[in-house]
Amino acid sequence: MLESSRSTFKALGNKSLRKAQEASSLACAILCVLIGTFLAASIDWNSVKPLQGVRKGVLLAPMLDDRTSLEAALQALAIAESTHRSNRANASVDSLQRMAIRIELDGAIELSRPILELRLFRMGNPQFWQIDPNDPNSVPLPLDQINGSNRSASLVQLKPVSSTKTTIVGVFDTYAKWKPKAYVWDVGQLPKVDTNFERTGGALFGAFVLLSAFSFLIGVINKDITFVVFAGWLLTSLRVAAMNGGWDVFWLGAAPSEASHLIALRISLALYAFLTIALFTLVFPTEVKSLVDRLIISGLSIVYLCLAIVAPWMLHADFSMSFWALAALGLGYVLTKVTIAVLKRPTRVAIWYGLSWAAMILGLLTEIGYQADILEVVTKILNAQTGAMAAALMMGVALADRLKTEREARVAAQSREVLTLRRLRDYFRASPIGLFSANIDGSVTFRNPAFDEICETNQAVASISLYECLSLDKQSSSILFEGNGATVECVLKSKNSHKWVSVSTLLSNGQLEGQIQDISERRAAEATLTHLANHDSLTSLLNRRGIDTQLSNAIEQYSSSNPIALAQISVDRFKFVNDLYGHGVGDEVLKEVARRIQGAIRSSDFAGRLGDSFLVLLNNCDRENATLLCERLRQFVSNQKFEVRGVTLQLTASIGVVQLSTGIDSNVAVAAAAHAWTDAKISGRNKVVHLDATTGAIQDYLAELRLISKLSQIDLSEQLRLEFQPIVDLRGVGKPLCFEVLLRTKNPEDGNPSPFRFIQAAERNGRMSQVDSWVTTTALDWIKDNLPELGALGFCTINISGASINDSKFVENLRGILTSYDSILPLICFEITESIALSDIDATKRFVELVKGKGCKLALDDFGAGYTSFNYLKEIPADIIKIDGTFVRDIATNSANLSITKTIVDLTHQLGMQSVAEWAETPECIRSLELLGVDFAQGFYLARPMSPEDLLKYAKLDGILLTEA
């Protein structure tokens, strides 16, 4: 805990120290900029001072005409002053024009030879007058002695006066229309003034050019376009500052024309704006990532470039209007983005960049204020020139700080990379996977300790061959050394062991990079899982999945020269073993049976367990050999007693074997073997029954299975159809029509089973609910559609199987079906067998409540067969009792059946039910039923089952169409 606290305090101290260092660096940089700006602005303070500085009342106005008299000059100046100097704004800067100027000086001019300097001015044909405003009667003194121009300004020779105020009025030709700065010097000071001008211009030029050259070299050396653009920005700043300060190339001794001077100024301004936008984009790349910002930056850059191209041919007034309008847009955009950057992410780069703009804008505002007569003077500390220099210096600091930030970021990135490389090195050494680099010829150039451990090579040996280590075959080597990310698994044979390894390689820069991993445990686990997936855990024989796999492979390879057979073996009465001795003894019996089966079959055969039974796949085994081999299996199981946990058992086995044919499905083959085993069990047990897959019984059974398997895939209407058998009323003629719905299968010639076998198969396979739903819906649809043609319909019986009654989903589905047929439900009678009703009395009650609640009738079929109990009739409120046909068929000749039938009829009548006699096949039978008072009869003598169309004809003829005998 103490060490942790020390570390925390140390980290906090280092962080505070870094912040203090950053703050002190920022303060020192600001102080250096201020000192540099102060020295640049006061470069002539210790050399020469003017007697008179800039005073208020400097007024410039265009002449109304070409007159050069004092009166004309005073008139033009008076008009300009009365109109707030608007005339000056209307003057064209690109044309030589006659201008008037008035300069008011405070204090006496006591110099012996005073000189008036009009800085930043060039004059032609000048005429000046000196006026004493305190004496209205004084005569203006013409100043004829004009001393010409120095390198920075125009000079006018003044006359000494003792008056406290002096006014100078002049007329001259000039291009310049901006207000000059006026100074009064002694003529002896002029050399020093020129020297001061040259030093100031030289300092400005030298500072900007040196900083520009330095920035350009930094950009070239570091391949950083930002510093190259900054160098160009400095040069354009130099041009603008020099021309605004009057230096430009005049201090070098050159004297270009005023027109060329203005052209250069226009081009410099446009390029300055373009480079300013470019520099801002490079300094703040994250602030201009959006599509809108990129469009604005691109638009401004293109406009400024176009302006620089057309600048030489534009009037200065038009250029100034266009430039300052566009510059205002660019300036507003840049300042907005910089302000947002400083507020959201106040980095040192953003702060210095913002300060540079502040210095530049303040310097420009002082010049604009002076020219607009808002300011009386322009200080040497804060003006356009010092603002430009301060902005350049601060911009340089900002870029230097950016360079420092990028360098720190690179150093941090390098540190992270070094740390990552160290971690990779440690991982490389400690990795349990063998890593290596090899040449294309297979020589290993680099490997980690895990490689030597897996390949059992000596780490001290510098050069080894990958071919020798892996012992790869030719095909694996060609795949592995292609280097396309291939993976090869092979057995690595070493001195001490054999192991499975996985080798992966990738070709990179002519070098083979790879890894090797011991996968012996994985291979063993996969083998174990594969064995568990395909074998029975109790007997170690194949399970159903394994049997299916082997059986499918054998069927695919079936041929007449390679016949196959499938046998199912089951211990007779094995259930009694489990019940008497428990499942533990039963499991031991199964294990012993499995051992005996494995001892009896051939090496080419496969044995598997399927529940309490066993399957044996006999390869290359014809009918005769299969029968002999299965008999041998029966003897192995049956002829020797089982000694299990102190219990001695004498058990036998029944075997069913099927000779398979090509194209048979594995599931069908298993089902056929089970069918053959069932025949063996039915025929007395402890036998071998051999059937052929092509025999009629097996084919019928397989057809049943195929049909049942299709029920969930096809429309039942494609396989099933309905027939109707009339139920005749024995109580008189003209009674309502009654009939029973019977299920039939379509296309029996195509192998479809009989309805009886189909229903048995559907019940065994859990499909009967689906069939009963189809029968009910189809019958109700037909009755509803044909109800007018059926005449006076009494009732229609529909059979429901026991499997469906015990299926709660079917009962709920039936509830929904009946809801759609409310109008005909009183005509519907659902028929269930007596044995079904008694098997689950609770399920039967739920079903009866549903159908009776919907208004339907209920019939009990096959009454009297099985374990009949009259008591349950109280539990099940049936409407109709259908007497089993075994009592009805010989009622005329069998007195016992006659008595039973009479009892049933009397009982039904006493309970308020109606009776239906089935299997009424002879006239004598019909007469006996009539004598007993049976309500209805059903049989071939009365009417055979008929199609829906024939039933409609039967209804129209009032039942005359009896079936043939």
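This is a predicted model: local features need pLDDT of at least 70, side-chain atom pairs count only at pLDDT 80 or more; totals for chains, interfaces and linings use all residues.
Which residues in H15 meet which residues in H19?

1. Residues are numbered from 1 along each chain as its sequence is written, and side-chain values use heavy atoms, with hydrogens and water left out.

2. Five strands form an open sheet with mixed pairing, in the order E17-E18-E16-E21-E22. Strands E17 (606–610) and E22 (688–692) each have a single partner strand, so one side of each lacks a neighbour in the sheet. Helices (H or I, at least four residues) and strands (E, at least two) are DSSP runs, numbered from the N terminus; two strands pair if DSSP finds at least two bridges between them.

3. E17 runs antiparallel to E18 (residues 613–618), and five bridges join them. Arg609 has Phe614 in E18 as its bridge partner. Helix H15 (residues 544–556) packs on the sheet, touching E16 (565–571), E17 and E18. Contact means heavy atoms within 4.5 Å.

4. Arg544, Asp548, Leu551, Ser552 and Ile555 in H15 meet Ser666, Asn667, Ala669 and Val670 in H19. H15 and H19 (residues 666–682) pack at about 105 degrees, with axes 9 Å apart. They are therefore roughly perpendicular to each other, a term for angles of 65 to 115 degrees. Axes are lines fitted to C-alpha atoms, for helices over the stretch in contact, and angles run from 0 to 180 degrees between N-to-C directions.

Note on methods. Angles under 35 degrees count as roughly parallel, over 145 as roughly antiparallel, 65 to 115 as roughly perpendicular and the rest as oblique.
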